Amino acid sequence: MSLESLYQEIILDHYKHPRNFGEVPGCAAAAEHENPLCGDQMRVAFRLEDERIAEIKFSGKGCAISQASASMMTEAVRGCTLAAAREKVTDFLAMMRGEREFAALDETGELEALKGVLQFPVRVKCATLAWNCLAHCLDAAGKDGS
Amino acid sequence: MVAVEERDMQAVGAWGHNARLDVERIRADFPALEQQVYGRPLVYLDNAATAQKPRSVIEAVCGHYRRDAANVHRAVHALSSRATLAYEEARDRVCRFLNAPARETIVFTRGATEGINLVAYGWGRHHLREGDEILLTEMEHHSNLVPWQLLAQATGAQLRFLRVRRDGTLNLDELDTLLTERTKLVAFTHVSNVLGTINPAATIIDAAHRVGAITLLDAAQSVPHMPVDVQALDVDLLVFSGHKLGGPTSSGALYGKREILESMEPFLAGGDMISSVWLDHAAWNEVPWKFEAGTPAIAEQIGLGAAVEYLTSVGMEAIHAHEQRLTAYALAQLQAIPAVEIYGEAPARAGVISFLVAGIHPHDLAQLLDQEGIAVRAGNHCAQPLHRVLDQVATCRASFYLYNTEAEVDALVAGIRRAQRFFGVE
């Protein structure tokens, strides 16, 4: 177990310079989630265009892992259909439970940097916070039939 | 305006105790402290969550299982007899430790949380009605908040709150307004598990008594660290957890004035808490056994007895004085780092320091410190409402006990500086 495997360069970069941080005006769906372990709050919202996620943003306060994971997630699912985004969420959560091998879910492969979190079981909740939040978002959007 | 009583002022001055603890000798009594974590000596600074256990406690628990494993209060055989004697001896030790007036005023519980729930059910559901009020404070641990929320929902009673000032002290100016003839119970923490504030317990208890309310003191963070005398405080009910003072998990006690315990209905029902049982009704055992249904945590409470004996042998005043010195040292060292913000600056404070380092999330800081063998807590410390008052979702917390040293504080400070470099926020 090394700190470098947990806090890889890519993770620190996303933490210090989060992508897609903020709010989405006129969003199709939004969800908020809290990590009871640390009290971190996360909000994820997106807007659809031609049945694809045209814009997705996250906001809230959190540790390096939760913020970097959220930042990378927004990049990974932007442009996806709801079904494709749902599949990525399912795959990522399965990887973080150690149920399947880590595989690239995003074009850049940056998400693989979160593999190191598996060595720190208490931090898995930090990495999955945004993804659980997105799952609720997708549920909400699905119910609206949008 | 309520004036703080002399009895409460004593908590500030550490009882004028000057004797130094032989910390190296004390550390040798705690096997867990000898270990290395990730190749570094363990620096255990999460004592507000739970304390390490002295060898005498571990041996008491193991000894019970090796020789005396039997149920209590039931059989005539030798093992049951030894187990019963040891279990009840532990009650006597807790009684002396708190200077309680009689052994029957000590009810064994699994900890402070169970003690509070016991009172909320056993007393609250039978003594409160719509329009009655329970006075709490904004700095309560969830365990001294949520049981009262459930009680309020069940009875129609209202919850009222003493507010926390910016310096981490309770706003006693509001006490006179908040305490009325409607107030039936005042339940508050002796020492804040976040701010470290030592609340003026005797002052609040006397004020509550003037309006006819009874009082419950959550002593989870005080009983392990300073002398607590239930008779001097004149407190009606007091709860604490054994694991925070070096005893086993699932040990602890509720102290109650006899007339209050006798006015309470049982909490859990079953074996041992009855005197006679028919098919359709039963009569209760005497206090305190009326509240100890089923096979209790025998080994754990015997371990608790060993823990309070250990603390007594070291001396609670000396322990308090040691922690006061260590806390003052730690505050000075932490304040010397410009990026560190400390929450809670009450003049009377215990060895609990919650802080933030600018630019580093507490969870990340705790992770980095852990890699150096330094154990601190990050989170809301089961006090979310207080963190809303502080306008923070989480803080980092270092908390001390009798075995901690200035060198360990130095290790913490060095660890914080390294974390600042790691995240590039020096």
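Is B:Arg82 buried, partly exposed or exposed, and what is its relative accessible area? I looked this up in a predicted model. B:Arg82 has a relative accessible area of 38% and is therefore partly exposed.

**Salt bridges in chain B**

I then checked the partner of B:Arg82. The residue forms a salt bridge with B:Asp68, with 2.6 Å between the closest N and O atoms. B:Asp68 sits in the loop between helix 3 and helix 4, and B:Arg82 in helix 4, so the pair ties together parts 14 residues apart in sequence. I noted B:Asp68 as buried, at 13% relative accessibility.

I next looked up B:Glu309, which meets B:Arg96 in a salt bridge of 4.0 Å, N to O. Because B:Glu309 lies in helix 11 and B:Arg96 in helix 4, this pair ties together parts 213 residues apart in sequence. B:Glu309 is partly exposed at 31%, while B:Arg96 counts as exposed at 53%. I also found one network of salt bridges with shared partners, made of B:Glu88, B:Arg91, B:Asp92, B:Arg103 and B:Glu292.

**Sheet in chain B**

I traced an open sheet of 4 strands in the order 13-14-17-16, with antiparallel pairing. Strands 13 and 16 stand at the edges with a single partner each, so one side of each has no neighbour in the sheet. Neighbouring strands are turned by 35° against each other on average, direction ignored. Strands 14 and 17 are joined by 4 bridges, and B:Phe355 stands opposite B:Cys396 in strand 17. Helix 13 lies across strands 14, 16 and 17, at about 40° to strand 17.

Definitions and conventions. Residues are numbered from 1 along each chain as its sequence is written. Chains are lettered from A and ligands numbered from 1 in the order in which they are written. This is a predicted model: local features need pLDDT of at least 70, side-chain atom pairs count only at pLDDT 80 or more; totals for chains, interfaces and linings use all residues. Side-chain values use heavy atoms; hydrogens and water are left out. Two strands pair if DSSP finds at least two bridges between them. Helices (H or I, at least four residues) and strands (E, at least two) are DSSP runs, numbered from the N terminus. Axes are lines fitted to C-alpha atoms, for helices over the stretch in contact, and angles run from 0 to 180 degrees between N-to-C directions. Contact means heavy atoms within 4.5 Å. A salt bridge is a side-chain nitrogen of Lys or Arg within 4 Å of a carboxyl oxygen of Asp or Glu. Buried means under 20% relative accessible area, exposed over 50%, partly exposed in between (1.4 Å probe, protein chains only).
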